[in-house]
Amino acid sequence: MKPLYLETMHSGLLEKKTRQAENIAGKCALCPRKCGVNRLEDETGFCNTGRLSQVASYNLHFGEEAPLVGSGGSGTVFFAHCNLGCVFCQNYDISDNQTRHQQVTPEQLAGIFLDLQASGAENINLVTPSHVVFQFLESLDIAAGKGLNIPLVYNTGSYDEPDTLDLLEGVVDIYLADSKFFNSKEAEKYAQAPDYPEKAREGILKMHQQVGSLVVDDQGRAVRGLMIRHLVMPSDLAGSEKWLEFFASQLPADTYINIMDQYRPAGKAFSYPELQAHVPGSVVAELKKKARELGLTRLDERASGFFRLMF
Ligand code: SF4
């Protein structure tokens, strides 16, 4: 199965989509914050990212879900900064919107994609890409023209604008989508995004409409589809059961879901007493049982305690 972006590139549609994204960035509404700044003139909004993307690191990553890792590893590109403001972020040094990281030109970012492919990466895994959609599109167009031909993973916190997700149809092969807060109150308090729940729910359904349930090749490697992550929070701050009920009622039973047990207090979590607890393994086990009772059949079954963000 060829990556979707190849045909989109050959037809000229990728170039068109890139220009559309660039136009949106000129009065930025790429994400639900709709800051209205001119990113093309290097103005910055909430995500503190102007014309060029910043890459904190890139490497072959073996800590992602097994279908993404395969034998060669997932070719992760960690974009700096974020359009969410999660106070407990496990990658706070990368996501905080203050620290400057290496800016990359479109050609340099395309070179990173090609380097990762040459190193054996199974896919290009764009980590936290929601605020750099127009930048990665223009780099993808360059890289695809130079031989990039592995699946593209959009690894998102799920604070995405539906119109921006529409632009990614025929471009993204695999959506790897977080499901953070089911309720607005917690989304506002811990991520400064009270509309997160509605945007995330709408976005996840849209992603599934675009790419369907996860498809793997004969070696078990992901080639297309939606994968969902859900990090269980202390005191059920993420609304875990509500998310599972939503998935079970709105998506097919074979939707790939990773119920994650690796919450650890990090970033600014130490300013919030309720975020300093760990989540007991029994709570996560109960949620997995609940998911099965709801009819969800495709849960990530890795051993507990695996820490995906280690790199
Ligand atoms: S991508 Fe950045 S500048 Fe654009 S609307 Fe979102 S937070 Fe604001």
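Visitor: Is Ser235 buried or exposed?

Guide: Buried means under 20% relative accessible area, exposed over 50%, and partly exposed in between, with a 1.4 Å probe and protein chains only. Ser235 has a relative accessible area of 65%, so the residue is exposed. This is a predicted model, in which local features need pLDDT of at least 70, side-chain atom pairs count only at pLDDT 80 or more, and totals for chains, interfaces and linings use all residues. Residues are numbered from 1 along each chain as its sequence is written, and side-chain values use heavy atoms, with hydrogens and water left out.

Visitor: Where is Ser235 found?

Guide: Helices (H or I, at least four residues) and strands (E, at least two) are DSSP runs, numbered from the N terminus. Ser235 is in the loop between strand E8 (222-231) and helix H10 (240-250).

Visitor: What is phi of Ser235 near?

Guide: Most residues other than glycine have a negative phi. Ser235, however, has a positive value, near 55°. Thr128 also has a positive phi, near 60°, and Thr128 lies in the loop between strand E4 (124-127) and H6.

Visitor: Which residues touch the most other members of the largest nonpolar core?

Guide: Nonpolar side chains tend to be buried together in soluble globular proteins. A nonpolar core is a set of buried Ala, Val, Leu, Ile, Met, Phe, Trp, Tyr and Cys residues joined through side-chain atoms within 4.5 Å. Among the 80 residues of the largest one, these are Phe88, Phe136 and Phe247. Helix H6 (residues 133-145) gives the most to this core, seven residues.
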